[in-house]
Amino acid sequence: MTAGPKYEYRWADGVQIKKPIEVSAPKYVEYLMDWIEVQLDDESIFPQRLGAPFPPNFKDVVKTIFKRLFRVYAHIYHSHFQKIVTLKEEAHLNTCFKHFILFTWEFRLIEKSELAPLSELIESILQ
């Protein structure tokens, strides 16, 4: 799972896989979506009852989710963008990514250093 030659992402969930492991991009995405589902279904993190409090680490969990989702975008742009252009789907990808970045920027969910693989694209969005 990479985003160009400088960025490699390894998977660890801290529970079943404690030490980061090298996995393919499809496997990384599979692990990520399963992990996000577990987080979203955990009522101690995402309360279901009206008025139930969010935990003190709520923002940290959300930041981790968004950081890892960004890695998928970075991989797509670096490894599959030409195929997306061939399919004439780049407008959809760009729109989704723009919304994702504007939301994460507004709420400071991803550290600037994590955004480095797509920094030029992100700068163009934020201007």
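Mentor: This is a predicted model. Searching the whole structure gives 13 aromatic pairs.

Trainee: How are the rings of Trp 11 and Trp 35 arranged?
Mentor: Their centres are 6.3 Å apart and their planes are at 75°, so the pair is edge-to-face.

Trainee: Which parts does that pair tie together?
Mentor: Trp 11 is in the segment before helix H1 (25-41) and Trp 35 is in helix H1, so the pair ties together parts 24 residues apart in sequence.

Trainee: Is Trp 11 buried or exposed?
Mentor: Trp 11 is buried, because its relative accessible area is 1% and the cut-off for buried is under 20%. Trp 35 is also buried, at 13%.

Trainee: What lies over the face of Trp 11?
Mentor: Arg 68 does, at 4.5 Å from the ring centre. In another case, Lys 27 has its charged end over the ring of Tyr 31, 5.1 Å from the centre.

Trainee: Which residues do ring pairs link into a cluster?
Mentor: The cluster consists of Phe 66, Phe 70, Tyr 73, Tyr 77, Phe 81, Phe 97, Phe 100, Phe 103 and Phe 107.

Trainee: New topic. Which residues of the largest nonpolar core touch the most other members?
Mentor: Phe 70, Phe 97, Phe 100 and Ile 101 do, in a core of 33 residues. The elements giving two or more residues to this core are H1, helix H2 (58-79), helix H4 (90-106) and helix H5 (119-126). H2 provides the largest share, nine residues.

Trainee: What is Phe 70 in contact with, leaving aside neighbours within four places in sequence?
Mentor: Its contacts include Phe 97, Phe 100, Ile 101, Glu 114 and Ile 122.

Conventions. Residues are numbered from 1 along each chain as its sequence is written. This is a predicted model: local features need pLDDT of at least 70, side-chain atom pairs count only at pLDDT 80 or more; totals for chains, interfaces and linings use all residues. Side-chain values use heavy atoms; hydrogens and water are left out. Rings of Phe, Tyr and Trp (its six-membered ring) pair if their centres lie within 6.5 Å; planes under 30 degrees apart count as stacked, over 60 as edge-to-face and the rest as tilted. Helices (H or I, at least four residues) and strands (E, at least two) are DSSP runs, numbered from the N terminus. Buried means under 20% relative accessible area, exposed over 50%, partly exposed in between (1.4 Å probe, protein chains only). A charge sits over a ring if NZ of Lys or CZ of Arg is within 6 Å of the ring centre and within 35 degrees of the ring normal. A nonpolar core is a set of buried Ala, Val, Leu, Ile, Met, Phe, Trp, Tyr and Cys residues joined through side-chain atoms within 4.5 Å. Contact means heavy atoms within 4.5 Å.
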